[in-house]
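Please read it beside the sequence and the model.

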Amino acid sequence: MKYILVTGGVISGIGKGIIASSIGTILKSCGLRVIAIKIDPYINIDAGTFSPYEHGEVFVLNDGGEVDLDLGNYERFLDINLYKDNNITTGKIYQHVINKERHGDYLGKTVQVVPHITDAVQEWVMNQAKVPVDDDRKEPQICVIELGGTIGDIEGMPFIEAFRRFQFKAKKENFCNIHVSLVPQPNATGEQKTKPTQNSVRALRGLGLSPDLIVCRSGKPIKMAVKEKISMFCHVEPEQVIFVQDVSSIYRVPILLEEQGIIKYFKQRLNLPVDDHPSDLLVRWKKMADRYERLLKVCSIALVGKYTKLSDCYASVFKALEHSALAINHKLDLMYIDPTELERSAEAENSVKYHQAWHKLCKADGILVPGGFGIRGTEGKLQAISWARTKKKPFLGVCLGMQLAVVEFARNCLNWEDANSTEFDPDTKNPAVIDMPEHNPGDMGGTMRLGKRKTVFKTQNSFLRKLYGDEMFVEERHRHWYEVNPELTHCFEEKGLKFVGHDTEGNRMEIIELES
């Protein structure tokens, strides 16, 4: 097993996830089997209870794991299916060690960060690296590990120490460290500065890890003199300094890395049984990136969701739309609309924002209302859904978006004026959406209906069934506490809102379609 550790310096959110995914893509294109692990040094057990403004969206895995959005990048780039244990957090490691201590596994010893926590990290990585993630179910050959946060963070120290010791356990030819750093360019001078990278590499060295590759992130392409300066002060060869400037699409990143000889470097450094040249996969990848930049036709989608200040909050929705647009040779114009700005009350408070929001909604080719929690913005989402239904605009509701479409139909077509979800109005006389019987209102973490579930189509002539290629059933990932009230479905169906997809037992309404 070969291990590639990706660390980051200077700032968080520098693009370690995309770099790690791109390295995995390049190695996979060489015919190697790759797995990815993300380490998050926070104390939460998983990402399930975060606000999306903390770390972006919560990504859901097939096994129901609620994980960091970087695992979504790994799955999309590498075309693999990961597990909840591919996301390691401080909380998981400490819980694991404390459980062992309570069980008596340490036989009276004092349990300490070194060696017990650091050993647990190493064991976890070694065990998880062997788990098959490809369709052929073969053991991976390369494990790419991304360490979240930046070098010098207090909470990341036990992990750095774990890998300092791990490099000797794995042996030099099986372990490689890539450090991603920032080369800022202040507007005042326009000069690219290397000092932050020098300090970051020095801090990493002081903790016992030496970078084999330094990946420098910048807004514009980096000059050769800067590369030589980093090489001189950071104790690496010039070819070990790699530049990744901001590019038009993240699908350019693997091509940028490959052009700078990363395959040749890995082949020598990790003794890999590969050719120096990229395979057909990377050639196809380059064609896709080229095509992405030449698109002329535009498809505009309005995304009506309450976490619009940060695009990472809906990363998977954005990527799915982007891939779909690319498949039909269109450029995606995704317009984020804050639902509170669509509400009647917003007109009095800020009429400019109100009219701008409605202008965006009206000019969109399609409307998407994604998942979410809490009552804020629900009335605005209902307004958008109502507008889509009455004006016959293509509309897709996912999770809460689908539930609100049922509520909107109940209010405006069945004339149940107080129809609502029990999430927002527990005392409503017409509960169109209710919490599921197995929902435990006590604990919040990991108590939803999570992971990959089968949805069976109940009818032959469903529009969505045709879009799915006329399959008998589809398997999609779920994350919800509430569901459409099964006792009221006949009322909706009589008026033309059809529940065309159910779960395997036939109790849960999974897919709705409006007749005509």
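1. Axes here are lines fitted to C-alpha atoms, for helices over the stretch in contact, and angles run from 0 to 180 degrees between N-to-C directions. Helices (H or I, at least four residues) and strands (E, at least two) are DSSP runs, numbered from the N terminus. The model is predicted: local features need pLDDT of at least 70 and side-chain atom pairs count only at pLDDT 80 or more, while totals for chains, interfaces and linings use all residues. Residues are numbered from 1 along each chain as its sequence is written, and side-chain values use heavy atoms, with hydrogens and water left out.

2. Helix H5 (residues 113-129) packs against helix H6 (residues 157-170) at an angle of about 65°, and their axes are 9 Å apart. H5 and H6 are therefore roughly perpendicular to each other (angles under 35 degrees count as roughly parallel, over 145 as roughly antiparallel, 65 to 115 as roughly perpendicular and the rest as oblique). Their crossing is right-handed, the near helix being turned clockwise from the far one by less than a right angle.

3. Contact means heavy atoms within 4.5 Å. On the H5 side, the contact with H6 is made by Val113, Val114, Pro115, Ile117, Thr118, Asp119, Val121, Gln122, Val125 and Met126. H6 contributes Pro158, Phe159, Glu161, Ala162, Phe163, Arg165, Phe166 and Lys169. By class, the contact of H5 with H6 has 12 nonpolar, 2 polar and 4 charged residues (Ala, Val, Leu, Ile, Met, Phe, Trp, Tyr, Cys and Pro count as nonpolar, Asp, Glu, Lys and Arg as charged, and the others, Gly among them, as polar).

4. Pro115 is found in helix H5. A cis peptide bond joins Val114 and Pro115, with omega about 15°. Val114 and Pro115 are both among the H5 residues in contact with H6.

5. Helix H1 (residues 16-29) and helix H3 (residues 70-78) pack at an angle of about 25°, with axes 9 Å apart. That angle makes H1 roughly parallel to H3. H1 passes H3 in a right-handed crossing. The H1 residues in contact include Gly17, Ala20, Gly24 and Lys28, and those of H3 include Asp70, Tyr74 and Phe77. By class, this contact of H1 with H3 has 5 nonpolar, 6 polar and 2 charged residues.

6. How many aromatic pairs does a search of the whole structure find? The search finds 15 (rings of Phe, Tyr and Trp, the last by its six-membered ring, pair if their centres lie within 6.5 Å; planes under 30 degrees apart count as stacked, over 60 as edge-to-face and the rest as tilted). Phe166 and Phe175 have ring centres 6.0 Å apart and planes at 75°, so the pair is edge-to-face. Both Phe166 and Phe175 are buried (buried means under 20% relative accessible area, exposed over 50%, partly exposed in between, with a 1.4 Å probe and protein chains only). Ring pairs also link Tyr3, Phe163, Phe166 and Phe175 into a cluster.

7. Arg137, in the loop between H5 and strand E6 (142-147), has a positive phi near 60°. At 46% relative accessibility, Arg137 counts as partly exposed. Asn415 also has a positive phi near 60°, and lies in the loop between helix H16 (400-412) and strand E14 (420-421). Asn415 is exposed, with a relative accessible area of 59%.
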